[in-house]
Amino acid sequence: MGRPTRRIEISEAADQQLRALEFNVHVHPKVRFRATLLRLHRAGWTVTQLAQHFDRNPQAVHNDLTRFEQQGLAGLADGQAPGKPPLVTAVIEPFLHEKLREDRFWTAALLCEAVAQQFQVTISPRTMAQHLHRLGYTWKRARYSPAKTLDPTLQREHAASIETLKRGHWMANSG
């Protein structure tokens, strides 16, 4: 014999909140789907009908109903993903944006040092670069350049040593 018919009570206020979630394009698609499922359940659809209509396993529909019963609207969203939590948290992101707005040169390694100093969190430069890329930042290769134009008289005085450096020290001594 199959499972008995399951019904959960959904109030009018909760239905209005579900409706708002269902039609909000800024809400995650899974949450919108679960809101639709719950509204149809409130309208009288059985678990079997919902499972057939949405081509889902009936146990998955039961799970969605149970999560809503136990947790309310919060149960519509998926929980925390398994695995190690991200190192760059919501607290660190504004700090990164603030640092990158400063008028100075930042590398991923320098940002890692700033984050370690401020938050005592160790992040590798590669992880930092990946996170910055996800935030929409791009980077380019940095080149050394003088901060200001050189004094021409000083440049003439040191022209010989500059040429020696350009050719290499061993060539200057052998020639």
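A salt bridge is a side-chain nitrogen of Lys or Arg within 4 Å of a carboxyl oxygen of Asp or Glu. The legends below describe close-up views of a predicted model.

**View 1. Asp 64 and Arg 56 meet in a salt bridge.** The N to O distance between their side chains is 2.6 Å. Asp 64 counts as buried, at 7% relative accessibility, whereas Arg 56 is partly exposed, with a relative accessible area of 26%.

**View 2. Arg 34 forms salt bridges with Asp 64 and with Asp 78.** In the pair with Asp 64, the closest N and O atoms are 3.4 Å apart. This pair links distant parts of the chain, for Arg 34 belongs to helix 2 (residues 29-42) and Asp 64 to helix 4 (residues 58-71), 30 residues apart. In the pair with Asp 78, the closest N and O atoms are 2.9 Å apart. Asp 78 lies in the loop between helix 4 and helix 5 (92-101), so its pairing with Arg 34 ties together parts that are 44 residues apart in sequence. Arg 34 is buried, with a relative accessible area of 9%; Asp 78 is partly exposed, at 40%.

**View 3. Glu 12, Asp 15, Glu 22, Arg 39 and Arg 42 are linked in a network of salt bridges.** The structure as a whole holds ten salt bridges.

**View 4. Helix 6 (residues 108-119) packs with helix 7 (residues 125-134).** Their axes are 8 Å apart, at an angle of about 100°, which means that helix 6 is roughly perpendicular to helix 7. Ala 108, Ala 109, Leu 111, Cys 112 and Val 115 in helix 6 meet Pro 125, Met 128, Ala 129 and Leu 132 in helix 7. The residues of this contact comprise nine nonpolar, no polar and no charged.

Technical notes:
Residues are numbered from 1 along each chain as its sequence is written. This is a predicted model: local features need pLDDT of at least 70, side-chain atom pairs count only at pLDDT 80 or more; totals for chains, interfaces and linings use all residues. Side-chain values use heavy atoms; hydrogens and water are left out. Axes are lines fitted to C-alpha atoms, for helices over the stretch in contact, and angles run from 0 to 180 degrees between N-to-C directions. Helices (H or I, at least four residues) and strands (E, at least two) are DSSP runs, numbered from the N terminus. Angles under 35 degrees count as roughly parallel, over 145 as roughly antiparallel, 65 to 115 as roughly perpendicular and the rest as oblique. Contact means heavy atoms within 4.5 Å. Ala, Val, Leu, Ile, Met, Phe, Trp, Tyr, Cys and Pro count as nonpolar, Asp, Glu, Lys and Arg as charged, and the others, Gly among them, as polar. Buried means under 20% relative accessible area, exposed over 50%, partly exposed in between (1.4 Å probe, protein chains only).
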